[in-house]
Structure formats: C-alpha cells, structure tokens
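Q: Could you take me through this model? I would like to start with the overall fold and then turn to individual residues.

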Amino acid sequence: MIFSNPSGAPELACDACGCRWFDRMSGACYECATPVSEESQAEYRQALETFALRRREQEETAGHSS
Ligand SMILES: [Zn+2]
C-alpha cells in the first residue's frame, strides 16, 4: 500500500503488515518477508514522480512571486 508521510512524500508500506521497512536488495518486507509486488513498486515510482512534479511546480510558483 502507498500512503503519504507528513511532508507529503509517498511512502511504500507492506501490504501484509503495514510496516514501511523494505529490503531493497531482495524487494521484500523486513518484518514479515512479504515480497513487494512489481505492481506496488510501479505504483510507488509513479507516486514519487507525481510528488516530485508537484513539488517542482510549487517551487516555480514560489519563485515567480518573489
Ligand atoms: Zn510486512
């Protein structure tokens, strides 16, 4: 599952136990060893891109006003 942290950045969490700690080498949860599906990883990358894009837009808007 994917959720946003307090700063608005997306975080990838384990579908099985909800923890946010993943072993990036094996692509599995540290807590329960559930593998992260390719689908979830793709979804997370998409969310990261959207977040980066939105933050850039905000920075550009802030830059124009100063
Ligand atoms: Zn887990």
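The conversation below goes from the whole chain to single residues.

Q: Before we start, what kind of model is this, and how are residues numbered?
A: This is a predicted model, in which local features need pLDDT of at least 70, side-chain atom pairs count only at pLDDT 80 or more, and totals for chains, interfaces and linings use all residues. Residues are numbered from 1 along each chain as its sequence is written.

Q: How many helices and strands does the protein chain have?
A: The protein chain has one helix and four strands. Helices (H or I, at least four residues) and strands (E, at least two) are DSSP runs, numbered from the N terminus.

Q: In what order do the elements run?
A: From the N terminus the order is β-β-β-β-α.

Q: What is the radius of gyration, and what would a compact globule have?
A: The protein chain has 15 Å, whereas a compact globule of 66 residues would have a value near 11 Å. The radius is taken over C-alpha atoms, and the globule rule is 2.2 Å times the number of residues to the power 0.38.

Q: And what box do the C-alpha atoms fill?
A: Along the principal axes, the box is roughly 50 × 20 × 15 Å.

Q: What share of the residues counts as buried?
A: Of the 66 residues, 5% count as buried. A residue is buried if 20 or more other C-beta atoms lie within 10 Å of its own, exposed if 12 or fewer, and partly exposed in between, with C-beta atoms placed from the backbone.

Q: Why does Ala-33 count as exposed?
A: Ala-33 counts as exposed because it has 12 C-beta neighbours inside 10 Å.

Q: What about Thr-34, which residues is it in contact with?
A: Thr-34 lies in the loop between strand 4 and helix 1. Leaving aside neighbours within four places in sequence, Thr-34 is in contact (C-beta atoms, placed from the backbone, within 7 Å) with Cys-14, Asp-15, Ala-16, Ala-28 and Cys-29. Thr-34 and Cys-14 are 20 residues apart in sequence and 7.4 Å apart in space, C-alpha to C-alpha.

Q: Finally, is Arg-54 buried or exposed?
A: Arg-54, which is in helix 1, is exposed because 11 other C-beta atoms lie within 10 Å. Arg-54 and Cys-17 are 29 Å apart in space, C-alpha to C-alpha, and 37 residues apart in sequence.

Notes. Two residues are in contact if their C-beta atoms, placed from the backbone, lie within 7 Å.
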